[in-house]
Amino acid sequence: MRFEKYLNSLTISKMALKSLGKLFFVPQIFMLILSPLATYLEFASGSGYRICYLASYMILQVLCPFFSLWWPLLGFREHIEGGGREALLVYKKSILRELIEVFIFYVLHFLLLLLLYLLFLDFNYFPFLFIFLAQSFAFFVVSISLAFLLKSISVPFIVCLIYEIFFMGAKAPGLDFMNMLSSYPPEDLAGLFFPYVFIFVACLIILPLAHLRFRRL
Amino acid sequence: MLKIEKLHKSYKKNSALDGFSCELGRGIYGLLGPNGSGKTTMMRCICGLISCNSGSIECGGDEIGYLPQQFGMMKALTLYEMMEYFATLKRIPKTEQGEEIERCLELVNLSDKAKSRVGSLSGGMVRRSGIAQAILGDPSIILFDEPTAGLDPEERMRFKSLLKKIRDGKTIIVSTHIVSDVEAVCDSIIIIDRGRNIFTGSNGEVAELARGKAYLIEEGQESRLIGNYYIKDRISRDGKSYLYVLSDSPVHGAARAEAEGGIEDGYLCALKNI
Ligand SMILES: Nc1ncnc2c1ncn2[C@@H]1O[C@H](COP(=O)(O)OP(=O)(O)O)[C@@H](O)[C@H]1O
Ligand SMILES: [Mg+2]
């Protein structure tokens, strides 16, 4: 019975992703094709190993958190906004499980990407994995929460985009506490561990709370 | 079986349901009421979309199918894929989905559109796809909120015959503000006004409410009307203008309307307290 429930939920996730049509491939194109390509071009233009390593880190930093929203928001947009919402809500009271499945599916993708970097270019970004995970999870939770609260998927996209633009390079004193992203690989990794665990746990708490608003008409 | 007792629901100060009670067995029920009378609110309460402030709803754990007042979605999918999605949500086993979807699309006469994108369907077709979605999986309680809105007369007739086809062993509620939608197809009619159930009865019993209360008077003679009355229509006959009036007190010198208006008159009498 439990197994069946799980299978049903996986089927729903799969169909939601399928309903995206061509849009489904956008994160894959960016992450698995364009970002390795950019790295390759950097190499081809004669930059040194260290420069390429840093440039790729920056690209990852831009892409990884941002695309964590893509599949969950677009795949479940009908459940979040729009004219079919009311009917869907009657048959499906919660989409939390499906959202998390899709998020995990996404995480598998960037694990693959990191693996590719390691295998082909010997760029080891795995020490930063917990940072990427926490950032992606934070982006995912914040955008899903906003989507639940506002019944809109465009606002979360805009908010996350603005965040990326403003905090990527910002090192403004006083603001750095809310700055998750950085264009350089952080040096003091151990010191970042607790802040990022904190972000992760905070998001774990926020997600179910925001979900309480999901069913409001 | 569906038992609704003393349902109260208010939005801030505005009360949408005000002690609504009714008991429904098997059959087709017409939920008839003017706009803003609380029909949608009641349906949303039954299918658990909103919680009521007080009162109780017992539905014995039956499956519910629901067509919301506004339905339109998944424009990028084909109609068949949309139905597949609903079938999965309703946990219909994969092996039975195909047959069940065909059956429902057949019932709403959309079989030939199964491969079309939902975004390319006309308004009436989208409405019918909503009906198909509601009856998918053969639920024992089906709620249709204004199902005939946006349907042309032929499609309305087809909807009525669909109701007759699927009715066996089910509780079906059809909400509408158009009397002719429920006429000749519903077993019972529930009249709702300002969140209260003001009348429950068969078609005949509703029509009975207006018995002997319909009058034809010449235009300009409204001063003869006393008590509670409602001017339903203007009729011209033999070059003269008449008013078709429903009145709870006798109108002297007026002709009783020979053809009494049936359910519509009864509905108006219940609403206007005549
Ligand atoms: N979400 C809402 N917020 C505030 N008032 C509402 C809301 N939904 C319905 N109402 C009010 O509740 C009353 C009943 O509405 P509704 O159930 O939609 O009526 P009907 O479906 O019979 O037209 C109306 O007065 C309407 O203004
Ligand atoms: Mg309504």
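A donor, for a metal site, is an N, O or S atom within 2.8 Å of the metal. Keep that cut-off in mind for the first stop. The model on screen is predicted.

**Stop 1: the magnesium ion**

Select ligand 2, the magnesium ion, and show the side chains around it. Now color by secondary structure. B:Thr40 sits in helix α1 of chain B, residues 39–46, while B:Gln69 sits in the loop between β5 and α2, so the pair ties together parts that are 29 residues apart in sequence. B:Thr40 is buried, at 17% relative accessible area. B:Gln69 is partly exposed, at 32%.

**Stop 2: chain B as a whole**

Zoom out and select chain B. Its C-alpha atoms fill a box of roughly 70 × 45 × 35 Å along the principal axes. Chain B holds eight helices and 13 strands. It has 274 residues, and 51% of them count as buried. Look at the contacts between residues at least 6 apart in sequence: 67% of these in chain B join residues at least 24 apart.

**Stop 3: the interface with chain A**

Bring chain A into view. On the chain B side, 26 residues are in contact with 22 residues of chain A. The two chains bury about 2100 Å² between them, and 62% of that is on carbon and sulfur atoms. Select B:Leu49, B:Tyr85 and B:Leu89. These supply 31% of the area that chain B buries against chain A, more than any other three residues.

Next, look for polar links. The interface has six residue pairs in polar contact, both residues of each pair being at pLDDT 80 or more. Color β5 (64–67), α2 (79–89) and α4 (123–135) of chain B; each supplies at least two residues of the side that touches chain A. Which element gives the largest share? It is α2(B), with five residues. By class, this side of chain B has 15 nonpolar, six polar and five charged residues.

**Stop 4: the salt bridge across the interface**

Side chains of opposite charge can pair when their charged atoms come close. How many salt bridges cross between chain B and chain A? There is one. Select A:Glu86 and B:Arg44, whose side chains meet at 3.0 Å, N to O. The pair runs from helix α6 of chain A, residues 85–91, to helix α1 of chain B. A:Glu86 is buried, with a relative accessible area of 10%.

**Stop 5: B:Gln133**

Is B:Gln133 buried or exposed? B:Gln133 counts as buried, at 0% relative accessibility. Its side chain reaches the backbone oxygen of B:Tyr66 at 3.5 Å. B:Gln133 touches A:Ala87 and A:Tyr91 of chain A, and its chain B neighbors include B:Leu67, B:Phe71, B:Met83 and B:Phe86.

**Stop 6: B:Ile173**

Move to strand β7 of chain B, residues 171–176, and select B:Ile173. B:Ile173 is buried, at 1% relative accessible area. Show what B:Ile173 touches: among them are B:Leu2, B:Leu24, B:Tyr29, B:Met43, B:Ile142 and B:Phe144.

**Stop 7: more salt bridges**

Over all chains the count comes to 17 salt bridges. Select B:Lys240 and B:Glu218, which meet at 3.8 Å, N to O. B:Lys240 lies in strand β12 and B:Glu218 in strand β10 of chain B, so the pair ties together parts that are 22 residues apart in sequence. Both ends are partly exposed: B:Lys240 at 41%, B:Glu218 at 34%.

Now select B:Asp193 and B:Arg194, a salt bridge at 3.3 Å, N to O. B:Asp193 is buried, at 12%, whereas B:Arg194 is exposed, at 57%. Finish with B:Glu100, B:Arg103, B:Asp138 and B:Lys170, which are linked in a network of salt bridges.

**Stop 8: helix α8**

Last, select residues 263–271 of chain B. Eight of the nine residues of helix α8 are buried, so the helix is largely enclosed by the rest of the structure. The buried ones include B:Ile263, B:Tyr267 and B:Leu271. Step on to B:Asn273, which follows α8(B) and has a positive phi, near 60 degrees.

Notes: Residues are numbered from 1 along each chain as its sequence is written. Chains are lettered from A and ligands numbered from 1 in the order in which they are written. Side-chain values use heavy atoms; hydrogens and water are left out. Contact means heavy atoms within 4.5 Å. Buried area is the accessible area (1.4 Å probe) that two parts lose on being put together, summed over both. A salt bridge is a side-chain nitrogen of Lys or Arg within 4 Å of a carboxyl oxygen of Asp or Glu. A polar contact is a pair of N or O atoms within 3.5 Å; within protein, one must be able to donate a hydrogen and the other to accept it, and residues adjacent in sequence count only if both atoms are side-chain atoms. Helices (H or I, at least four residues) and strands (E, at least two) are DSSP runs, numbered from the N terminus. Ala, Val, Leu, Ile, Met, Phe, Trp, Tyr, Cys and Pro count as nonpolar, Asp, Glu, Lys and Arg as charged, and the others, Gly among them, as polar. Donors are N, O and S atoms within 2.8 Å of the metal (3.2 Å for Na, K and Ca); water is not among the atoms, so sites may look incomplete. Buried means under 20% relative accessible area, exposed over 50%, partly exposed in between (1.4 Å probe, protein chains only). Lists of a residue's contacts leave out its neighbours within four places in sequence.
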